[in-house]
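Hello,

Here is the structure I promised to pass along. Have a look at it first, and my notes on its charged side chains follow below.

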Amino acid sequence: ALEIDGHTPDGLADTSAFGKDVVGTVIEHCTFSYCGRVGAHLKGDNLVLRHCRVHDTTTEGIYLMSSSDCLLEKNMFSRNNVENIVGYYPAAVKIFNQTYRVTCRDNLVHDLPLSNGIWYDVGNVDARFINNRVTGVGTNKGKMGDAGTMWPNYNGFFFEISKNAVCAGNVFEDCDQAIFILITF
């Protein structure tokens, strides 16, 4: 539905090398739903997404990448992966590839039977996941999934191969897994 494009680094880069194409975007009181793939694909430092509804999307509701000092606040995310795509790892919000200091605060993440909630996916630094309510994530509803897989269930908050996160004051209810942290050595 919406794309704000910019430079994506090919490898590890200094923050001065990306996120500067579009700076200071504010998106408020919008609805993103029934989109072809992603509700909003966003890049750019100092971005704010506030008081938005993101629902009935396919692979990601919000896809934020290669950006610094962003805030996702007081949004409602629900019913992602409505087409039940398999072989892909969906998330209502995916924060990806060298994002720095992205804060998700006071959001409602709910009714996601076929999707992860908010996923800081690879290469994030100093994430903040504060005072969110996460409920109804996954199909097993709190029961253990297939223990033989890396991702046995969908996750409310997923922090993968990244550095430093504060996860505080959140409520997780009726989720396959509330929090999943995956690191590599």
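This is a predicted model: local features need pLDDT of at least 70, side-chain atom pairs count only at pLDDT 80 or more; totals for chains, interfaces and linings use all residues.

Glu 73 counts as buried, at 10% relative accessibility, whereas Arg 50 is partly exposed at 21%.

The next pair is Arg 101 and Asp 69, whose side chains meet in a salt bridge at 2.6 Å, N to O. Arg 101 sits in the loop between β11 (99-100) and β12 (103-105), and Asp 69 in the loop between β7 and β8, so parts 32 residues apart in sequence are tied together here. Arg 101 is partly exposed, with a relative accessible area of 35%, and Asp 69 is partly exposed with a value of 35%.

Salt bridges with shared partners also join Glu 28, Arg 50, Glu 73 and Arg 105 into one network.

Arg 37 and Glu 60 make a salt bridge through their side chains too, at 3.4 Å from N to O. This one links distant parts of the chain, 23 residues apart: Arg 37 is in the loop between β3 (31-33) and β4 (38-42), and Glu 60 is in strand β7 (residues 60-65). Glu 60 is buried, with a relative accessible area of 0%, while Arg 37 is partly exposed at 41%.

Altogether, the count comes to 11 salt bridges.

Best wishes

Key: Residues are numbered from 1 along each chain as its sequence is written. Side-chain values use heavy atoms; hydrogens and water are left out. A salt bridge is a side-chain nitrogen of Lys or Arg within 4 Å of a carboxyl oxygen of Asp or Glu. Helices (H or I, at least four residues) and strands (E, at least two) are DSSP runs, numbered from the N terminus. Buried means under 20% relative accessible area, exposed over 50%, partly exposed in between (1.4 Å probe, protein chains only).
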